[in-house]
Amino acid sequence: MRHSWGETFDIPTGYLNTASIGIPPGRVAEAMRTALERWAQGRTTVAEYDPPVAAARQGYADLIGVPVSSVTIGGSASALIGLVAAAVPDGARVLVADDEFTSVTYPFAVHRPRGVVVDSRPLAELPGAAPGYDWVAVSVTQSTDGAMIDLDGLREATERAGTRVLLDVTQTAGWMPLHLDWADAVVCAGYKWLLSPRGAAWMALRPDTAAGIRPLAANWYAGADLQGSMYGLTPELHADARRFDASPAWLSHVSAGVALPWLASLDLEAVRAHAVGLANRLRAGLGLPPGDSPILSLDGFDGASRTLDEAGVSHAVRGGSIRLSCHLYSTEEDVAAAIAVLTP
C-alpha cells in the first residue's frame, strides 16, 4: 500500500504501465465495490447512476478547460471519434501523425470509399502541414513513445488556415494541465491516466463543430427528458452536447465520478513535475537525454521484457520497444527497480 496526493494505492513496487492501465485510488475502487454489492443485492435504481455520470462529465470539463455543456459521453475514444469522422464531407482531407494509435486514424480511414483522404506525416511536421487539410486528428501524447505534439504551434497554424482539430488526450489528461477550448473536438478514454474502469470515455465539442454532427447513436439517455425519452418515435434530444451521449456503462461511471473530480482538484503542474521528473530519472539512469513526457520508449533492450516481467516491473511492448510510464502514484523505488533490471 502506498500513499500519494492524499489517497492510497494498492500497487506493488515496479508498476510503470499507466500508459496501458491506470490504477485507481482506494476510494475509487471502493465506490465500485459498493456499487457491485448494491447491484448484487437488488438495491440499485437507474436514477442513482445519474449523479456519478454528471460528476465525471464535470470533472472531464475541468481537466481540459472547457464548458461542461460541450461534453458528451461514450464507451470508447474510437466510438466518439467516429461521430466526428462520419460528419466530415465527401472528399475531405484529414492529416494524422505517422504511427498514430488506430482509434484516432481508423474512424477517418473507413470513409475513404466516399473520397475522404487520410494522410500521415511525422508528428513534428503536423503544424506546418496543417493548412493544406480540412482536419488534423492527433493524440497530444503519442501512445508508442510519449512524443508530444506542439499544441501552441498547431493552434496557431490551424486557426490561421481554418483547419479543424481533433485532439485525443487519452495519454495526457490526468497528468498535464490542459486548456483546450480552442480545439474542435477533444476526446479521452478514462482507463489510463484518469484511473477509471474501461467503458467510460468523453468528448468535448465546440458548438459550431457540434452543429454539423448527427447523433448517430441517439438513445434514451440523449433525450432532454430521460423518463419521456424511453418510448416513442420522435426524438427530443438535449440542446447541448448531451444529445450525443451513449447510454452510460453505469459501473464504469460510478468510479469515474470519483476519480475525475479528484484529479481535477489537484495541482496538475505539480503532478506533471512529479511524473515527468521520475521518467527523467529513469532516462538518466539508462543514459538517455531528458524528455517532457512521463512515457518513454526504449530501443536496444532485446530480451528485456521477459527480464522485467521476472523482476515484477510492469511495462508494455509497443512497436518492438519497451514502454515505461510514470504517474502520480509512481515512486523512486519503481524507477530504481526498472534501472536495476535494465543496466548491467
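**Exercise 1. Determine how strand E6 is joined to strand E7 and which helix lies across the two.**

Solution. Step 1: Strand E6 (residues 135-139) and strand E7 (residues 164-168) run parallel and are joined by 5 bridges. Helices (H or I, at least four residues) and strands (E, at least two) are DSSP runs, numbered from the N terminus. Two strands pair if DSSP finds at least two bridges between them.

The structure is a predicted model, in which local features need pLDDT of at least 70 and side-chain atom pairs count only at pLDDT 80 or more, while totals for chains, interfaces and linings use all residues. Residues are numbered from 1 along each chain as its sequence is written, and side-chain values use heavy atoms, with hydrogens and water left out.

Step 1: Val136 has Val165 in E7 as its bridge partner.

Step 2: Helix H6 (residues 151-161) lies across E6 and E7 and runs at about 155° to E7. Axes are lines fitted to C-alpha atoms, for helices over the stretch in contact (heavy atoms within 4.5 Å). Angles run from 0 to 180 degrees between N-to-C directions.

**Exercise 2. State the strand order of the open sheet of 7 strands and identify its edge strands.**

Solution. Step 1: The order is E3-E9-E8-E7-E6-E4-E5, and the pairing is mixed.

Step 1: Strand E3 (71-74) and strand E5 (117-121) are the edge strands, since each pairs on one side only.

Step 2: On average, neighbouring strands of this sheet are turned by 20° against each other, direction ignored.

**Exercise 3. Describe the surroundings of Ala264. Is this residue buried or exposed, or in between?**

Solution. Step 1: Ala264 is found in helix H8 (residues 250-265).

Step 1: Ala264 counts as partly exposed because its relative accessibility is 26%. Buried means under 20% relative accessible area, exposed over 50%, and partly exposed in between (1.4 Å probe, protein chains only).

Step 2: When neighbours within four places in sequence are left aside, Ala264 is in contact with Gly59, Asp62 and Leu63.

Step 3: Gly174 is 90 residues from Ala264 along the chain, yet their C-alpha atoms are separated by 7.6 Å.

**Exercise 4. Describe the largest nonpolar core and a second, separate one.**

Solution. Step 1: A nonpolar core is a set of buried Ala, Val, Leu, Ile, Met, Phe, Trp, Tyr and Cys residues joined through side-chain atoms within 4.5 Å. In soluble globular proteins, nonpolar side chains tend to be buried together.

Step 1: The largest core has 64 residues, of which Tyr60, Ile64, Leu167, Val169 and Trp202 touch the most other members. Helix H8 supplies the largest share of this core, 7 residues.

Step 2: The second core has 27 residues, including Val88, Phe108, Ala137 and Ile213.
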